[in-house]
Amino acid sequence: MLVRFAGLGLGAATLTTVAAASGNSNVDVLTSSPDVSSFMAEPVTPLSTLVKDKDDMKVKMEMLIMKIQADFCRALENEEDPSKKFIVDRWTRAEGGGGVTCVIQNGKTFEKAGVNVSVVHGILPVNAVRQMKARGKELIGKELPFFAAGISSVIHPSNPHVPTVHFNYRYFEVTQENGEKMWWFGGGTDLTPYYLVEEDVRHFHSTLKNACDQHDAGYYPKFKKWCDEYFLVSHRNECRGVGGIFFDDFEMHSQEDCFKFVKSCAESVIPSYVPLVKKHRNDPYTSAERDWQLLRRGRYVEFNLVYDRGTKFGLYTPGARIESILMSLPVYAKWEYMHSPSDGTPEAKLTEILKNPKEWI
């Protein structure tokens, strides 16, 4: 079902890879009448549960990601042709939960822009359990009830001088066989330019650092390093982009403190990225620069399909919505045999940085 909401009536309602522009700050504490009129669609969880469990982290996370989705979509629409709006696809999952996928395709500014929310629950499949154990999570039991809520977005701009951005913020709960409940957060934001403008990259990293520093001055350097290491296309020996922040299994403080940190990170996406869109969306470019953009997108696809843990988790999850999981893939990409940029070119400059990540601030 494709819907676009202005005001809405609540009822019952992607697994993205789990599968701050607005001034409304009422996502932390729900009243008896939560205001969802600004969201792109109805929340997945029924109104009665949102009200009854307003202090539950599952509800707080859902309300946060629904708001972040709406804020980001509208910020992007402001940079797009006025006739081009997000298609809003609200869907349900037979095994439990559902999601809201928002996509612009073949716009003037954005060749493909996807912003996906998922709120899902059910039984954790064996393959997903194995992946979590490989990351150090020791889970007790063979069939484990789980809850996962997250927002994931990848923006593929039309102009080669506008970088691609990806962000993902998520919350997991798993109930073990002995009744013990485990929870953790994860996420990050990273930038993938096709042409290196160091001023832009410093702006991007500075905005993320400011969000991290509100909570702990050690977060940015730690999570920046983690991002460089995670988004490595090992078989190419190069990073996917110029980094950002990335973290997983985040549970080192109270649940509320972890949530507040994730909220700050998610709210930093618009100020870190949208100014770069405004700056470059009308830049002139050549057919050779377009070809380079398509070649770099090919590397982006290689990472997402070969290495990305979230993509794998989504594909392993029963009832996974493939279109939402693969939303991160561009409409167009290109592979050329043994392509290598010429020495001294802007393309070679970018490639050198991707092979040798640097500190930007």
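Tutor: Strands (E, at least two residues) and helices (H or I, at least four) are DSSP runs, numbered from the N terminus. Two strands pair if DSSP finds at least two bridges between them. This is a predicted model, in which local features need pLDDT of at least 70, side-chain atom pairs count only at pLDDT 80 or more, and totals for chains, interfaces and linings use all residues. Residues are numbered from 1 along each chain as its sequence is written, and side-chain values use heavy atoms, with hydrogens and water left out.

Student: What is the order of the seven strands in the open sheet?

Tutor: The order is S1-S2-S3-S4-S5-S6-S9, and the pairing is antiparallel.

Student: What makes S1 and S9 edge strands?

Tutor: Strand S1 (87–92) and strand S9 (243–250) each pair on one side only.

Student: Why are strand S6 and S9 said to pair?

Tutor: Pairing requires at least two bridges, and S6 (residues 181–192) forms six with S9 in the antiparallel sense, so the two strands pair. Gly188 stands opposite Phe246 in S9.

Student: Why is Asn237 called exposed?

Tutor: Exposed means over 50% relative accessible area, buried under 20%, and partly exposed in between (1.4 Å probe, protein chains only). Asn237 has 51%, so Asn237 is exposed. Asn237 lies in the loop between strand S7 (232–233) and strand S8 (238–239).

Student: What is the phi of Asn237?

Tutor: Asn237 has a positive phi of about 55°, although Asn237 is not a glycine. Most residues other than glycine have a negative phi. Asp249, in strand S9, also has a positive phi, of about 50°.
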